[in-house]
Amino acid sequence: MEETRRYMVPSRFKAIEIKGEVCDGCNRCVDICPMDVLAPNPEKGTPPVVTYPEECWFCGSCVDRCPKKDKRAIRVIIPLPMRVSVVRGPRP
Ligand code: SF4
Ligand code: SF4
């Protein structure tokens, strides 16, 4: 767990989690992100740094693009209020 946290800039908002033990630092997620949430790590071959988590749109492109997504190298953490949907009327 400690390994995972190392690659985040301290923020109260956590949008992206990268597993340092799985990620090889290919930076495909950095290239695809439309909001520049991620930045290449100055140390080559190591996971990108989550620089602006507050800017994340939760589009999931970074996860889709990751060649190690099956090992959950990168994960989008959708805030709880965004996961709740309101159903009006009788439930089906
Ligand atoms: S979910 Fe979308 S906006 Fe957020 S870091 Fe990934 S690519 Fe960027
Ligand atoms: S695309 Fe996946 S393996 Fe490549 S840097 Fe991003 S998280 Fe790491």
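## Order of elements

From the N terminus on, the elements of the protein follow the order α-β-α-β-β-α-β-α, which gives four helices and four strands; helices (H or I, at least four residues) and strands (E, at least two) are DSSP runs, numbered from the N terminus. The model is a predicted one, in which local features need pLDDT of at least 70 and side-chain atom pairs count only at pLDDT 80 or more, whereas totals for chains, interfaces and linings use all residues. Residues are numbered from 1 along each chain as its sequence is written, while chains are lettered from A and ligands numbered from 1 in the order in which they are written.

Of the 92 residues of the protein, 20% count as buried, a residue being buried if 20 or more other C-beta atoms lie within 10 Å of its own, exposed if 12 or fewer, and partly exposed in between, with C-beta atoms placed from the backbone. Among the contacts with a separation of 6 or more, 50% are between residues 24 or more positions apart, where two residues are in contact if their C-beta atoms, placed from the backbone, lie within 7 Å.

## The two ligand shells

Ligand 1 is surrounded by 16 residues, of which C33, V37, C56, C59 and C62 are the closest; a residue belongs to such a shell if its C-beta atom, placed from the backbone, lies within 6 Å of the molecule. This shell divides into 14 nonpolar, two polar and no charged residues, with Ala, Val, Leu, Ile, Met, Phe, Trp, Tyr, Cys and Pro counted as nonpolar, Asp, Glu, Lys and Arg as charged, and the others, Gly among them, as polar.

Around ligand 2 there are also 16 residues, the closest being C23, C26, C29, C66 and I74, and here the division is ten nonpolar, two polar and four charged.

Leaving aside residues up to four places away in sequence, I74 touches I16, I18, C23, C29, C62, V63, C66 and K69. I18 is 56 residues from I74 in sequence, yet the two are 4.4 Å apart in space, C-alpha to C-alpha.

## Two loop residues with positive phi

D36, in the loop between α2 (28-32) and β2 (38-39), has a phi near 55°, a positive value in a residue other than glycine; D36 is exposed, because 10 other C-beta atoms lie within 10 Å. F58, in the loop between β3 (49-50) and α3 (61-65), has a phi near 60°, which is likewise positive in a residue other than glycine, and with 12 C-beta neighbours inside 10 Å F58 counts as exposed.
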